[in-house]
Amino acid sequence: SRVLKPVATVAVQNGAKNFSTSSELKMKVMVAGASGGIGQPLSLLLKQNPLISQLALYDIAPVTPGVAVDLSHMDTPAKVLGYKGPEELACAVADSHVIVVPAGVPRKPGMTRDDLFNVNASIVRDLAECVAKNAPKAIMCIITNPVNSMVPIASEVLKKNGVYDPNRVLGVTTLDVVRACSFIGTINGVDPRCVTIPVIGGHSGVTIIPVLSQANPAPKLTDQSKIEALTKRIQEAGTEVVKAKAGGGSATLSMAWAGARIANAVLRGLKGEENVVECAYVKSDLTEAKYFANPLCFGKNGVAKNLGYGKLNAYEQQLLKAAIPELKKNIETGEKFVSK
Ligand code: NAI
């Protein structure tokens, strides 16, 4: 019979450096919506993650098995399998540690994220139903818009199935953080990878609150009007992309980058690494909104600690005040969809 060599040995023979050992390679990550604008580059990035041993690509698109074969030829350890259509969904989901969800329709110019609700709500509901039955311990990272409503939908479905754990359902707001870091990096003339900033609230318009007063380094902006303009740009950055793509969709490549980053944080936490911090939108009792995004520490069971949002200045408090009613409305829309 064929004896498989430990990955580490193969890596050394290939002359690869900093390669993970086989003992570290145990995680199964499933991508739902893997053939889409976000799904494909996200899967490309995940295939390079040494913490992932299995990558299950699921989509309803006919190209999905081909996307999987294509990625499987990359010489990285993660094993890639493709699953197409609802009849293969349960297999794709089964035993997953992390499920990343960019399944659904994106915005076209003139549309808000809420305009996507009707189509995307049933997609997320059906996926959550399958997760509840086949991988109830998986950590769901929901990219599908409107994120503010999709997380309550998935949570309510898991609750109905008796398997809800609020520490395992995340709305992905990482792109807002990535954008804020990128813009501040440019303003300050520094490497954006050195910038840190919490972006709190939710993931649409006024619910996106970049806490610029806590950015490190502080943005080199002289007056309040510039701070407000930067805040607005971060809030509307998604629309900037939608307009620039002129009907060709919304952010996909930067979103893939952000999705790979949050998935990596979740995986590092699951592996037992300490002090892994990222912002995400989760069940929360910090404000009147039942779900809220802010810095979280990840651990072996998903969210290990909610780190709160620290001190806000007067302007940021005003932003928070404007965000809460909108968040509450979005959350209620999601919850109502499941209860009807
Ligand atoms: P896309 O249309 O390029 O890809 C979506 C994919 O989902 C397609 O391959 C489609 O076949 C698939 N799909 C549709 N129904 C499905 C189902 N029932 N099960 C599995 N797969 C299904 O769209 P794109 O650009 O990749 O965007 C996906 C979603 O991500 C959109 O809702 C978009 O608004 C959202 N998004 C979220 C961001 C965030 O920061 N959270 C940023 C950018 C986009």
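## Helix H7

The buried residues of helix H7 are covered by elements that include strands E7 (199–201), E8 (208–210) and E9 (276–283) and helices H8 (224–235), H9 (237–245) and H10 (253–270). Helices (H or I, at least four residues) and strands (E, at least two) are DSSP runs, numbered from the N terminus. This is a predicted model: local features need pLDDT of at least 70, side-chain atom pairs count only at pLDDT 80 or more, and totals for chains, interfaces and linings use all residues. Residues are numbered from 1 along each chain as its sequence is written.

H7 spans residues 174–188 and reaches 21 Å from its first C-alpha to its last, close to the 21 Å expected at 1.5 Å a residue. The expected span is 1.5 Å times one less than the number of residues. Among the buried residues of H7 are Leu175, Val178 and Ile184. Buried means 20 or more other C-beta atoms within 10 Å of the residue's own; exposed means 12 or fewer, and partly exposed lies in between, with C-beta atoms placed from the backbone. Just after H7, Gly189 takes a positive phi of about 65 degrees.

## Core

The largest nonpolar core has 103 residues. H10 gives the largest share of this core, 10 residues. Such a core is a set of buried Ala, Val, Leu, Ile, Met, Phe, Trp, Tyr and Cys residues joined through C-beta atoms within 7 Å. Val101 is one of the residues with the most contacts inside it. Not counting residues up to four places away in sequence, Val101 touches residues including Val124, Leu127 and Met140. Contact means C-beta atoms, placed from the backbone, within 7 Å.

Val124 and Leu127 are among the buried residues of H5. The buried residues of H5 pack against elements including strand E4 (98–101), helix H6 (147–160) and helix H11 (314–339).

## H6 against H11

H6 and H11 pack at an angle of about 40 degrees, with axes 7 Å apart. Axes are lines fitted to C-alpha atoms, for helices over the stretch in contact; angles run from 0 to 180 degrees between N-to-C directions. Residues of H6 that meet H11 include Met150, Ile153 and Val157.

## Backbone exceptions

A cis peptide bond joins Asn145 and Pro146, with omega about -5 degrees. Pro146 sits in the loop between E5 and H6. Another cis peptide bond joins Asn216 and Pro217, with omega about 0 degrees.

Asp95 is not a glycine, yet has a positive phi of about 65 degrees. Asp95 counts as partly exposed because it has 13 C-beta neighbours inside 10 Å.

Key:
Two residues are in contact if their C-beta atoms, placed from the backbone, lie within 7 Å.
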